[in-house]
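Biologist: Please take me through this model and set each term against its definition as you use it.

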Amino acid sequence: MNLNRRRGAIALSITLGVLLVGGLTALNIAWIILHRRTVAFVVVGIILFGLLIAGVVLNTVFLVREVRRNERQDSFLNAVTHELKTPIASIRLYLETLQRRDITEAQRQDFYRIMLADSDRLLSTVEQVLKAGELGARHRHKERTLLELAPLVADCVAITLERNHLPPDSIQLLPIPGAVRLHVRAIPEDLRTAVLNLLDNAVKYSPSGVHVICSIAIVDYTKLALTVTDTGVGLEPADLKRIFKRFYRVPGRIAARVKGTGIGLFLVRTIARQHGGDIVAASPGPNLGATITLTLPLANPSARSAQ
């Protein structure tokens, strides 16, 4: 279903809803006029009218939501298809070049480097899709490990810098005040996925240059907050909560050019909530950057491991 057909379906649903509400209103008025001398009939008519109107309105809302959900799913499938086809086509092109042409050793090594980068991109997309299905399907009774958060975040920063070929100062992890060691209890691979997605999101939405600041702090005495701040495209107030929905992509000319599947921040929120935490976004406005804060319960290193 293309964009025009979706808009037509939404317009049709709303139009039918309005017409039904208008028809029911006319019928209710006629009922009241015909039975105006019988109070019981008038009361019954008003109650039935209210129930019918509520049913029509709810049905229209559900139809519009379903059309929009299908639109997001179609966008997700298109994005995943693109994210899979592009690196595969690139790898195939370089392999064919290596097979058919005599090239220098320097060119060969350059081709290998590009193919490895495309393979990493392909693997990252597949892992995200698999992780989205895994988090939604499995029971979260897996044993959680006591983890020091700072080293895990530092490792994720190093991975993000390498994947995107960025200079070391592009992403900075600020030292924790007092040089204290802060721990959480988490499923290590899930928490790593969440942090990598946060960093990847900050990098992708900084088209004019990557300047990302990460910090870890205690909040409310019982929680840890990992804050990731970028200087990228920023967010409209209406998008601050929507970006955590499954398949949601930020609209706009600049954001539309950003590659992605629309499930990265959804995965982060799912992982955060399954660990007893949450995630929020803040932004001064478009083109003014954004700050995303992941909160998790602070763990006591001396306590026994939780299941």
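Modeller: Strand β4 (residues 212-219) and strand β5 (residues 223-230) pair in the antiparallel sense, over seven bridges. Within this pair, Val 219 stands opposite Lys 223 in β5. The model is a predicted one, in which local features need pLDDT of at least 70 and side-chain atom pairs count only at pLDDT 80 or more, while totals for chains, interfaces and linings use all residues. Residues are numbered from 1 along each chain as its sequence is written, and side-chain values use heavy atoms, with hydrogens and water left out.

Biologist: What makes β4 and β5 a pair?

Modeller: Two strands pair if DSSP finds at least two bridges between them. β4 and β5 have seven bridges, so they meet that requirement. The strands themselves are DSSP runs of E, at least two residues long, and helices are runs of H or I of at least four, both numbered from the N terminus.

Biologist: Which helix packs on the sheet and touches β2, β4 and β5?

Modeller: That is helix α4 (residues 149-163), whose direction makes about 170° with that of β2. Contact here means heavy atoms within 4.5 Å. Angles run from 0 to 180 degrees between N-to-C directions, with axes fitted to C-alpha atoms, for helices over the stretch in contact. Helix α5 (residues 188-204) lies across β2, β4, β5, β6 and β7 (290-297), and runs at about 25° to β5.

Biologist: In what order do the strands of the open sheet stand?

Modeller: The order is β2-β4-β5-β7-β6, with mixed pairing. β2 (171-173) and β6 (278-282) are the edge strands; each has a single partner, so one side of each is left without a neighbour in the sheet. From one strand to the next, the twist averages 20°.

Biologist: Why does Ser 206 count as buried?

Modeller: Ser 206 has a relative accessibility of 6%, and therefore counts as buried. Ser 206 is found in the loop between α5 and β4, and its side chain reaches the backbone oxygen of Ala 202 at 2.7 Å.

Biologist: Why is the pair of Tyr 94 and Phe 111 called tilted?

Modeller: The structure holds one aromatic pair. The ring centres of Tyr 94 and Phe 111 are 4.8 Å apart and the planes stand at 55°, so the pair is tilted. Rings of Phe, Tyr and Trp (its six-membered ring) pair if their centres lie within 6.5 Å; planes under 30 degrees apart count as stacked, over 60 as edge-to-face, and the rest as tilted. Tyr 94 belongs to helix α2 (residues 39-100) and Phe 111 to helix α3 (residues 105-137), 17 residues apart.

Biologist: Which residues touch the most other members of the largest nonpolar core?

Modeller: They are Ile 171 and Leu 198, in a core of 42 residues. A nonpolar core is a set of buried Ala, Val, Leu, Ile, Met, Phe, Trp, Tyr and Cys residues joined through side-chain atoms within 4.5 Å. α5 gives the most to this core, with eight residues. Another core, of seven residues, lies apart from it and includes Tyr 94, Leu 98, Ile 114 and Met 115.

Methods: Buried means under 20% relative accessible area, exposed over 50%, partly exposed in between (1.4 Å probe, protein chains only). A polar contact is a pair of N or O atoms within 3.5 Å; within protein, one must be able to donate a hydrogen and the other to accept it, and residues adjacent in sequence count only if both atoms are side-chain atoms.
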